[in-house]
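Hi there,

Could you have a look when you get a moment?

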Amino acid sequence: MAGAEPDSGDEARVRGLAGEGEAALASGDYDTAIARLRRARDLDRVSADLAFNLGLAYLRSGRARDARSAFTEALALGPPAADTYANLGLALYELGKLDEAEGSYAAALRLEPELPEALNNLGVIRFQAGRYAEAAALFRRALAARPGYEDAALNLRDTIAALAGEDEIADES
């Protein structure tokens, strides 16, 4: 029955399919991951974890629209989770929905204020909006939360260069 928890006979099948899907996801076999996780979701429509993992598989396979749906479903099924909001933000970003992505990253940071990925990705949105000082602060927080975070370090470098360019323009005025 749709919307129901699996019966005892299906529980073992759900666990097996979910395990196969997670292993395929970890190995980069996204098509297999999606197939196994979707079959598990067909049997268990109340698992936020299955919806989240399916969202990851969709996201990593470049299917941002499907990822958005799966992450939204995971949030509806389970307690709010920072990782789910952060990954939803990434799917929204990839769909060009920057305002919604920004809101999703903000929700992730309300739950986990120093989540490096959310800080970095929110910083990218702020950078693209020309809000360089805010972006730099977010990249610095991401680096403080995860020293050596290469994406944040590169983004901070680019942001510092953009800030320096603003200063040069202001000096010339």
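This is a predicted model: local features need pLDDT of at least 70, side-chain atom pairs count only at pLDDT 80 or more; totals for chains, interfaces and linings use all residues.

Numbering starts from 1 along each chain as its sequence is written, and side-chain values use heavy atoms, with hydrogens and water left out.

**Overall build**

The protein has nine helices and zero strands, where helices (H or I, at least four residues) and strands (E, at least two) are DSSP runs numbered from the N terminus. From the N terminus on, the order of elements is therefore simply α-α-α-α-α-α-α-α-α. The C-alpha trace spans about 75 × 30 × 25 Å along its principal axes. Of the 173 residues, 40% count as buried; buried means under 20% relative accessible area, exposed over 50%, and partly exposed in between, with a 1.4 Å probe and protein chains only. Among contacts (heavy atoms within 4.5 Å) with a separation of 6 or more, 48% come from residues 24 or more positions apart.

**The core**

The largest nonpolar core has 46 residues. Such a core is a set of buried Ala, Val, Leu, Ile, Met, Phe, Trp, Tyr and Cys residues joined through side-chain atoms within 4.5 Å. Phe71, Leu115 and Ala118 have the most contacts inside this core, and helix α3 (residues 48-60) gives the most to it, with eight residues.

Not counting residues up to four places away in sequence, Leu115 touches Ala82, Asp83, Ala86, Ala108 and Leu109. Ala82 itself sits in helix α5 (residues 82-94) and is buried, with a relative accessible area of 8%. Beyond its neighbours within four places in sequence, Ala82 is in contact with Ala108, Leu111, Glu112 and Leu115. The C-alpha atoms of Ala82 and Leu111 are separated by 5.6 Å, although the two are 29 residues apart along the chain.

**Salt bridges**

A salt bridge here is a side-chain nitrogen of Lys or Arg within 4 Å of a carboxyl oxygen of Asp or Glu, and the count by this rule comes to 11.

Which arginines does Glu73 pair with? One partner is Arg41, at 2.0 Å from N to O. That pair links distant parts of the chain, 32 residues apart, with Glu73 in helix α4 (residues 64-77) and Arg41 in helix α2 (residues 30-43). Glu73 also forms a salt bridge with Arg45, the closest N and O atoms being 3.6 Å apart. Because Glu73 lies in helix α4 and Arg45 in the loop between α2 and α3, this pair ties together parts that are 28 residues apart in sequence. As for accessibility, Arg41 is buried at 2%, while Glu73 is partly exposed at 26% and Arg45 is partly exposed at 31%.

Another salt bridge joins the side chains of Glu134 and Arg131, at 2.7 Å from N to O. Salt bridges that share partners join Glu102, Arg126, Arg131 and Glu134 into one network. Glu134 is partly exposed, at 34% relative accessibility, and Arg131 is also partly exposed, with a relative accessible area of 34%.

The largest pocket holds about 180 Å³ of space. On a 1 Å grid over the protein atoms alone, a pocket is an open set of points where a 1.4 Å probe fits, with protein on both sides within 12 Å along at least five of seven lines; lining residues have an atom within 4 Å of a point. Its volume is the space filled by probe spheres set on the points, which are joined across faces, edges and corners.

The lining has 13 residues, and Asn87, Leu90, Glu117, Asn121 and Tyr149 lie nearest the centre. Helices α3, α5, α7 and α9 (150-172) each supply at least two lining residues.

Asn121 lies in helix α7 (residues 116-128) and is buried, at 18% relative accessible area. Its side chain makes a polar contact of 3.4 Å with that of Asn120. A polar contact is a pair of N or O atoms within 3.5 Å; within protein, one must be able to donate a hydrogen and the other to accept it, and residues adjacent in sequence count only if both atoms are side-chain atoms. Leaving aside neighbours within four places in sequence, Asn121 is in contact with Leu90 and Tyr105.

Best wishes
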